[in-house]
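Please look through the sequence and the structure below before reading on. The report then goes through the chain as a whole, its sheet and its hairpins.

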Amino acid sequence: MSKQSNKNIYTLSDMECRKCKNKMMCVSHKEIKAKQLRQPFYYSQWYKCTCGWMLNLEEDKVWNDGTVVEAQKQEEEQLSFLNQI
Ligand SMILES: [Zn+2]
């Protein structure tokens, strides 16, 4: 497996940086991992500038719905069951 496989995807966006007026890069997850799903929400994409300015848009916010929480709960219950054997 190459090292790049875990990296985020960068694409040039039309978003202008508020600080330096350069075009910002749009960053998105290559893969949604447990790390993102553990949080109440995550951003499907966000913007990053070479000057260090970062921008999160409310519209890119993804709330983790109850299904995910339920699935994790079940997993924990199964684990505690296994520990009792
Ligand atoms: Zn900038």
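## The chain as a whole

Of the 85 residues of the protein chain, 4% count as buried, where a residue is buried if 20 or more other C-beta atoms, placed from the backbone, lie within 10 Å of its own, exposed if 12 or fewer do, and partly exposed in between. This is a predicted model, in which local features need pLDDT of at least 70 and side-chain atom pairs count only at pLDDT 80 or more, while totals for chains, interfaces and linings use all residues. Residues are numbered from 1 along each chain as its sequence is written.

The secondary structure of the protein chain comes to 2 helices and 6 strands, helices being DSSP runs of H or I with at least four residues and strands being DSSP runs of E with at least two, numbered from the N terminus. Read from the N terminus on, these elements follow the order β-β-α-β-β-β-β-α. Among contacts between residues at least 6 apart in sequence, 28% join residues at least 24 apart, a contact being a pair of residues whose C-beta atoms, placed from the backbone, lie within 7 Å.

## The four-stranded sheet

An open sheet of 4 strands has the order E1-E2-E4-E5, and its pairing is antiparallel; two strands pair if DSSP finds at least two bridges between them. The edge strands are E1 and E5 (54-55), each of which pairs on one side only. Strand E1 (residues 9-16) is hardly covered, since the count of buried residues among its 8 residues is 0.

How many bridges join E1 to strand E2? There are 5 bridges between E1 and E2 (residues 23-28), and the two strands run antiparallel. On its other pairing, E2 is joined by 4 bridges to strand E4 (residues 45-48), again in the antiparallel sense, and E4 in turn pairs with E5 over 2 antiparallel bridges.

## Residues that face each other across the strands

The bridges can be followed residue by residue. Thr11 has Cys26 in E2 as its bridge partner, and Cys26 has Tyr47 in E4 as a bridge partner. Ser28 stands opposite Gln45 in E4, while Lys48 has Met54 in E5 as its bridge partner.

## The two hairpins

E1 and E2 form a hairpin with 6 residues between them, and Lys21 in the turn has a positive phi of about 70°. E4 and E5 also form a hairpin, with 5 residues between the strands, where Gly52 takes a positive phi near 105°.

Technical notes:
Two residues are in contact if their C-beta atoms, placed from the backbone, lie within 7 Å.
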